[in-house]
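Biologist: I am new to this structure. Please pick one part, look at it closely and walk me through it.

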Amino acid sequence: MEDSARPLLVFVVGPPAVGKMSVGQAITERTGLRLFHNHLSIELALRYFDYGTPAFGRLNDEIRRRVIEEVAASDLPGLVFTFAWAFDVPEDQALVDGYARPFRERGARVLFAELEATQAERLKRNACLSRLAEKPSKRDLEASRRRLLEADARYQLNSGGKFDARPDYLRINNTLLTPGEAAERVIEHFGLPRMTGFPPGAQSPGLAR
């Protein structure tokens, strides 16, 4: 299969409020890939079950897997999927492998863009309007801030460079980058196909960091 005809799966990973959704949006605007940010399934599952309960976990995971399977089997160009990967939790590696499997079975390219930013910057982004609009569960800012700090203390949410030598992996410190600038780095590094009419370096209006 020609590379141009292969579907693409681009994981955008990193800790809470690092900008995964905004960078994912900027990538999809430039490439025509579809975006599945992790809170699409989280917010739906939260309508019925409390976070962390077995029922919540099953529903959240099933929604993600079904969307990934359908996109992988379709004629769509591919998917950008955001994920808060705890690198010290083996079950998270298993989840990533499972989400990637339907694309790999089709001979797709599976790529990883890891974002990292200072905690101070992420605490600022935690309250940005675009994040709160898409993620109702984050609108209690005091609770959201507390969960961010607790996650930082409990998990290893950046790889620390362990995958830097892999050709399918790109690590970006986006503390001082706009989503468009980070997206351009991903697109250029991996040679992703670009939509006609969206030249290199063009910026999307209205995207918060």
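Modeller: Buried means under 20% relative accessible area, with exposed over 50% and partly exposed in between (1.4 Å probe, protein chains only). A strand here is a DSSP run of E with at least two residues, numbered from the N terminus. This is a predicted model, where local features need pLDDT of at least 70, side-chain atom pairs count only at pLDDT 80 or more, and totals for chains, interfaces and linings use all residues. Residues are numbered from 1 along each chain as its sequence is written, and side-chain values use heavy atoms, with hydrogens and water left out.

In a regular strand, side chains alternate between the two faces of the sheet. Six of the six residues of β1 are buried, so the rest of the structure largely encloses this strand.

Now the neighbours. Strands pair if DSSP finds at least two bridges between them. β1 (residues 8–13) pairs with β3 in the parallel sense, over six bridges. Opposite L8 stands G78 in β3. F11 has F81 as its bridge partner there. β1 also runs parallel to β4 (residues 109–116), joined by six bridges. In β4, L8 has R109 as its bridge partner.

Turn to β3 (residues 78–83). Six of its six residues are buried, so β3 too is largely enclosed by the rest of the structure. G78, V80 and T82 lie on one side, with L79, F81 and F83 on the other. β2 (residues 34–36) runs parallel to β3, with three bridges between them. Here F36 stands opposite F81.

Note on methods: Helices (H or I, at least four residues) and strands (E, at least two) are DSSP runs, numbered from the N terminus.
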